[in-house]
Amino acid sequence: MNRTIRLFIAAATLLSATSPVFAQQSGTIEYEVTAKTDPERMRGFQRGGDDAPEIPDVITFKQVFTFNNNIGKLTTERPEGGGFGGRRQRPGGDTSTRNQRGQRPGGMGMGRGGFNAQYVDLANKKYEQVFSTFGDDKKTYYTEEDYIFTANNKTSGKTKKIAGYTCKKATIQLKDDTYTVWYTTELPFSFSPVNGLLPDSNAVVLSAEGTRRAFTAKSVNLKAITDTDLALPAGAEKVSQEQMREIRKQEMEKLRKRQQQ
């Protein structure tokens, strides 16, 4: 092997270890999520009367974003103490509950027979929501939502390290709340646990704090991923967002009638 080839290999090895472009594109981001609750409102959903557990003012739970080969999936673990439902933020402000086994945790979930999941198309920058209907004739649907990049965010020159990555600060108004967002451009894709909090087309949000909820990355692990359940379920039918809302509404009505019976 001549000297030129050896230098080329050495340079390529150095780039793969230091440049985000060559960084390993599979791994996990683990977020700690805190969310304020409305105990008075939630008490109306509880069963058990005086024996029902006390509803906390704030719940804390974990979300894990697993990514591999330009696809990813965000899963939510049930909060400690359970019973209140670890609620996952979805694009547009919707919420759903689902643990890492694809099952819905207890609490304010949709009950047995259905599930929600949040998949991400990293290559085309789209969130993909999946919903399965109830009963023996179960069908699975999915709808897409493009990433929303916030061009009118207020950025600053401040930086800090989160989970080993240098992050920039931005302030973003999302609906009726203002978020302080810390994001890195040192990863080879773009992602936020909440759509609408993306200040840059190459940003990965590692921290976002509003008045009612906060997301903080506790770890970023670049590693080989053996999880093959990151792609959309086979046979899922694509529908519009309006159609998805109607399907979910109809299924919830069926569930309420079944529970009354």
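**View 1. Contacts across the chain of a predicted model.** Everything shown here comes from a predicted model. Its secondary structure amounts to three helices and 14 strands, and 44% of the 261 residues are buried.

View 2. Let's follow α3, which runs over residues 241-260 and spans 29 Å from first C-alpha to last, close to the expected 28 Å. Met-244, Ile-247, Glu-251 and Leu-255 are buried in this helix. These four cover an arc of only 75° around the axis, so they lie on the same side of α3. An α-helix has 3.6 residues a turn, which means that residues three or four places apart point the same way.

View 3. The whole structure holds seven aromatic pairs. In one of them, Phe-65 and Phe-191 are stacked, because their ring centres are 3.7 Å apart and their planes meet at 5°. Phe-65 belongs to strand β2, while Phe-191 comes from the loop between β11 and β12, 126 residues apart. Both residues are buried. Ring pairs also link Phe-65 and Phe-191 with Phe-67 and Phe-189 into a cluster.

**View 4. A tilted pair of tyrosines.** Here Tyr-127 and Tyr-147 form a tilted aromatic pair, 5.0 Å centre to centre with 40° between the planes. Tyr-127 lies in β7 and Tyr-147 in the loop between β8 and β9, so the pair ties together parts 20 residues apart in sequence. Both tyrosines, Tyr-127 and Tyr-147, are buried.

Note on methods. Residues are numbered from 1 along each chain as its sequence is written. This is a predicted model: local features need pLDDT of at least 70, side-chain atom pairs count only at pLDDT 80 or more; totals for chains, interfaces and linings use all residues. Side-chain values use heavy atoms; hydrogens and water are left out. Helices (H or I, at least four residues) and strands (E, at least two) are DSSP runs, numbered from the N terminus. Buried means under 20% relative accessible area, exposed over 50%, partly exposed in between (1.4 Å probe, protein chains only). The expected span of a helix is 1.5 Å times one less than its number of residues. The arc is that of the directions from the helix axis to the C-beta atoms. Rings of Phe, Tyr and Trp (its six-membered ring) pair if their centres lie within 6.5 Å; planes under 30 degrees apart count as stacked, over 60 as edge-to-face and the rest as tilted.
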